[in-house]
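The following exercises are to be worked through with the sequence and the model at hand. Each task is followed by a solution in steps.

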Amino acid sequence: MDEFLIQNPIAFVVVAGILGGLVGSFLNVVIYRLPVMIKGDWQNQCYEFLNEYESRNDDNRLINPNSDQSKFNLVVPRSRCQKCKKQLTALDNIPIFSYLFLKGKCRYCSTTISARYPLIEILSALLTAFAAYHFQYGLHFLMIALLSWGLIALSMIDYDHKILPDSIVLSLIWIGLLYSPYNPIKEVTPITSLIGAAAGYLILWIVANSFKLITGKDGMGNGDFKLLAVFGAWLGWMILPLIIVLSSFVGALIGIGLIIFKGRDRNNPIPFGPYLAIAGLISVYWGADMINGYLNYSGIV
Ligand SMILES: [Zn+2]
């Protein structure tokens, strides 16, 4: 199998695309359930704190009505229709094709299924296939695919709930650091990776706190600092200025587009996470070329 995939790059891209679609189906579950799990945890902690704070005994303890989290995680319960609660069969769970086959409606109650599910599966399939095309068969393909999947989940969760869950973002930082000795990008060594993670966090921390000092408003969250640290760890500290410039550029483009086409309120901006994720992913593929091009063009090198 390995031999076949090494010698047939096109077959490898196709296999990678199928893998990406399957993972995308799981990403939909993560995007929907992880925030619910996190908020459930917060709720439990709030109840515990109140009971502690008000010194309540066993007789008059406040009970969180949603305290039982044991039956809701990434694995159970099985996916079901949001409307009629019927459990989906394996046939309803085939990425992209189930949606097409069911014409975007629940098999039982005909409720419209959000087009977001197949779109995320398609995005995951495309990004995975592109990583396969660009890096070809090998460890680096798998690592960049993993990074891409994490970024899809983070972007969507940030868009929906304005949070970047630590369980994903900190894992990506650790994976980037541990991968640095094997990372084929020539600028990446354990040292540039470590400095990248620290500097990525620090730069945005300084920017956000200066902004807060001047305007009195929160412009960015802790999650954004950690997300820039992810790219520092994966790509080395030298990439950080480029990612900051690119993310502002992507943010301006998408922001202007949304205000023009959707009349979105400019005081209710999209969180910064998705912009950082897009800028970071562009840098994974073309970051080094963009930096070298700039240095050559400007006559610095
Ligand atoms: Zn239904």
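**Exercise 1.** Determine how many disulfides the structure holds.

*Solution.* The model is a predicted one. A disulfide requires two cysteine sulfur atoms within 2.5 Å. The count of disulfides in this structure is 0.

**Exercise 2.** Identify which atoms coordinate the zinc ion, and state the spacing of the donors along the chain.

*Solution.* Step 1: the SG atoms of Cys 81, Cys 84, Cys 106 and Cys 109 coordinate the zinc ion, at 2.3 to 2.4 Å. Step 2: along the chain, these donors follow the spacing C-x2-C-x21-C-x2-C. Step 3: Cys 84 and Cys 106 link distant parts of the chain, 22 residues apart. Cys 84 belongs to the loop between helix 2 (9-53) and helix 3 (97-101), whereas Cys 106 belongs to the loop between helix 3 and helix 4 (116-135).

**Exercise 3.** Decide which arrangement the 4 donor atoms around the zinc ion form.

*Solution.* Step 1: the angles they subtend are 103 to 115 degrees. Step 2: four donors count as tetrahedral if all angles lie between 85 and 135 degrees. Step 3: the arrangement around the zinc ion is therefore tetrahedral. For comparison, the ideal angle for four tetrahedral donors is 109.5 degrees.

**Exercise 4.** Classify Cys 106, Cys 84 and Cys 46 as buried, partly exposed or exposed.

*Solution.* Buried means under 20% relative accessible area, and exposed means over 50%. Cys 106, at 8%, is therefore buried. Cys 84, at 28%, is partly exposed, and Cys 46, at 48%, is likewise partly exposed.

**Exercise 5.** Describe the surroundings of Asn 28.

*Solution.* Step 1: Asn 28 lies in helix 2. Step 2: its relative accessible area is 8%, so Asn 28 is buried. Step 3: leaving aside residues up to four places away in sequence, Asn 28 touches Arg 116, Tyr 117, Ile 120 and Glu 121.

Notes: Residues are numbered from 1 along each chain as its sequence is written. This is a predicted model: local features need pLDDT of at least 70, side-chain atom pairs count only at pLDDT 80 or more; totals for chains, interfaces and linings use all residues. Side-chain values use heavy atoms; hydrogens and water are left out. Buried means under 20% relative accessible area, exposed over 50%, partly exposed in between (1.4 Å probe, protein chains only). Donors are N, O and S atoms within 2.8 Å of the metal (3.2 Å for Na, K and Ca); water is not among the atoms, so sites may look incomplete. Four donors count as tetrahedral if all angles lie between 85 and 135 degrees; four count as square planar and six as octahedral if opposite donors are over 155 degrees apart and all others between 65 and 115; anything else is irregular. Helices (H or I, at least four residues) and strands (E, at least two) are DSSP runs, numbered from the N terminus. Contact means heavy atoms within 4.5 Å.
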